[in-house]
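Have the viewer open as you read, and follow the headings one by one.

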Amino acid sequence: ALPELEKPITIEMCQAFSGPHRNYHNDREMAQALGFPDIVVQGMMSICFTSELMTRAFGAGWLAGGKLDIRLVNVVWGGDTLRVLGREREILPEGSATRVVCDVWCEKADGTKTLVGSASALR
């Protein structure tokens, strides 16, 4: 398993990520006016968290040759806390290096998966 990340989603994070203009990704009132219970967290934020997980695990091998194949499968709401997880699945030769293929996913505190897929990096 890769060392997991825990990411509490704050309004400030949403404003920084999806601002500067108010919208349903960074303003609770606007989200509720559209019928959502809270801010709808921009999906790219979870993708960035997954990239952070891979950067921490593989460093330059992720930056120089990282690949993602992921799906957003559930909504992340403002105030959720995500666990960002990964597990090495396969090691493949690639030139003079090896490619490490990992299963990756994000899940809410209750275990609901919000992102699933694979990521790979050079080692």
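## Ground rules

Two strands are said to pair if DSSP finds at least two bridges between them. Helices (H or I, at least four residues) and strands (E, at least two) are DSSP runs, numbered from the N terminus.

This is a predicted model, in which local features need pLDDT of at least 70 and side-chain atom pairs count only at pLDDT 80 or more, while totals for chains, interfaces and linings use all residues. Residues are numbered from 1 along each chain as its sequence is written, and side-chain values use heavy atoms, with hydrogens and water left out.

## Overall layout

The protein has 4 helices and 5 strands, which run β-α-α-α-α-β-β-β-β from the N terminus on. Along the principal axes, the C-alpha atoms fill a box of roughly 55 × 30 × 20 Å.

Of the 123 residues, 40% count as buried. Here buried means under 20% relative accessible area, exposed means over 50%, and partly exposed lies in between (1.4 Å probe, protein chains only).

## The sheet

The 5 strands form an open sheet in the order E1-E3-E4-E5-E2, with antiparallel pairing. At its edges are strand E1 (5-8) and strand E2 (67-72), each of which pairs on one side only. Neighbouring strands of this sheet are turned by 20° against each other on average, direction ignored; the axes behind such angles are lines fitted to C-alpha atoms, for helices over the stretch in contact, and angles run from 0 to 180 degrees between N-to-C directions.

## Strand E4 and its two hairpins

Let's look at E4 and its partners. Strand E3 (residues 81-94) is joined to E4 by 11 antiparallel bridges, and Glu94 has Ala97 in E4 as its bridge partner. E3 and E4 form a hairpin with 2 residues between them, and Gly95 in the turn has a positive phi of about 60°.

With strand E5 (residues 113-122), strand E4 (residues 97-107) pairs in the antiparallel sense over 9 bridges. Trp105 has Val116 in E5 as its bridge partner, and Val101 stands opposite Ser120 in E5. This hairpin of E4 and E5 has 5 residues between the strands, with Gly111 in the turn at a positive phi of about 95°. Because 8 of the 11 residues of E4 are buried, E4 is largely enclosed by the rest of the structure.

The peptide bond from Gly19 to Pro20 is cis, with omega near 10°.

Is Asp27 buried or exposed? Asp27 is buried, at a relative accessible area of 15%. A polar atom of the Asp27 side chain lies 3.2 Å from the backbone nitrogen of Glu29.

## A nonpolar surface patch

Tyr24, Leu34 and Phe36 form a nonpolar patch on the surface, with about 270 Å² of accessible area together. Such areas come from the Shrake-Rupley method with a 1.4 Å probe.

Leu34 sits in the loop between helix H2 (28-33) and helix H3 (43-58). Leu34 is exposed, with a relative accessible area of 57%.

How values were computed:
Patches are made of residues with over 30% relative accessible area and no salt bridge: like charges are joined within 9 Å, nonpolar side chains (Val, Leu, Ile, Met, Phe, Trp, Tyr) within 5 Å. A salt bridge is a side-chain nitrogen of Lys or Arg within 4 Å of a carboxyl oxygen of Asp or Glu. A polar contact is a pair of N or O atoms within 3.5 Å; within protein, one must be able to donate a hydrogen and the other to accept it, and residues adjacent in sequence count only if both atoms are side-chain atoms.
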